[in-house]
Amino acid sequence: MSAEKGAKVFKTKCSQCHTVEAGGPHKQGPNLHGLLGRQSGQAEGYSYSTANKESGITWTEETLFDYLEAPKKYIKGTKMVFAGLKKPAERKDLIAYLAASTA
C-alpha cells in the first residue's frame, strides 16, 4: 500500500466531491476527516441518504475496501454517484492515503 499513490487516486477520483482536512467543508460528498472508526452517515452537518445513515457500517480498512469497489452495491440507496475502483491495488493505496490524511 502506498499513501503517495493513494493521494493521486484521491486527487483524480475523489477530491471533486470530498475533502479530508479537519474542519474541511462538505462538498457534494461529506468531509472525510475522522472517517476510520466512525459509523456511516455520521459526519456532522452533512445530509446523508437514509440508506447510509441506517446501514450500521463502521468504517475500517476492510469495510472501505469492499465499499470502494462498488458503493451502490455495498449500500443500496446511497446517493454517492461514484462507480467504484475495480483495481484492488488502487483501493489499498487510497485507503492508505485516507488512513494517513483523515486521522
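Biologist: In which helix does G6 lie?

Modeller: In this predicted model, G6 lies in helix α1, which covers residues 3-13.

Biologist: Why is G6 called buried?

Modeller: The relative accessible area of G6 is 0%. Buried means under 20%, so G6 is buried.

Biologist: Which residues are in contact with G6, leaving aside its neighbours within four places in sequence?

Modeller: They are D93, L94 and Y97. Contact here means that heavy atoms lie within 4.5 Å. D93, L94 and Y97 are among the buried residues of α5.

Biologist: How do you know that the span of helix α5 agrees with its number of residues?

Modeller: Helix α5 has 14 residues, 88-101. The expected span is 1.5 Å times one less than the number of residues, so α5 should span 20 Å. The end C-alpha atoms of α5 are 20 Å apart, and therefore the two values agree.

Biologist: Against what do the buried residues of α5 pack?

Modeller: The buried residues of α5 pack against α1 and α3 (61-69).

Biologist: What makes α1 roughly perpendicular to α5?

Modeller: The two helices, α1 and α5, pack at an angle of about 95°, with their axes 7 Å apart. Angles of 65 to 115 degrees count as roughly perpendicular, so α1 is roughly perpendicular to α5.

Biologist: How do the residues of the contact of α1 with α5 divide into nonpolar, polar and charged?

Modeller: There are 8 nonpolar, 1 polar and 4 charged residues in the contact of α1 with α5. Gly counts as polar, and G6 is one of the α1 residues that meet α5.

Key
Residues numbered from 1 in each chain as written. Predicted model: local features only at pLDDT ≥ 70, side-chain atom pairs only at ≥ 80, totals over all residues. Heavy atoms only, no water. Helix = DSSP H or I, 4+ residues; strand = E, 2+ residues; numbered from the N terminus. Buried < 20%, exposed > 50% of the residue type's maximum accessible area, 1.4 Å probe, protein only. Axes fitted to C-alpha atoms, helices over the stretch in contact; angles between N-to-C directions. Parallel < 35°, antiparallel > 145°, perpendicular 65-115°, else oblique.
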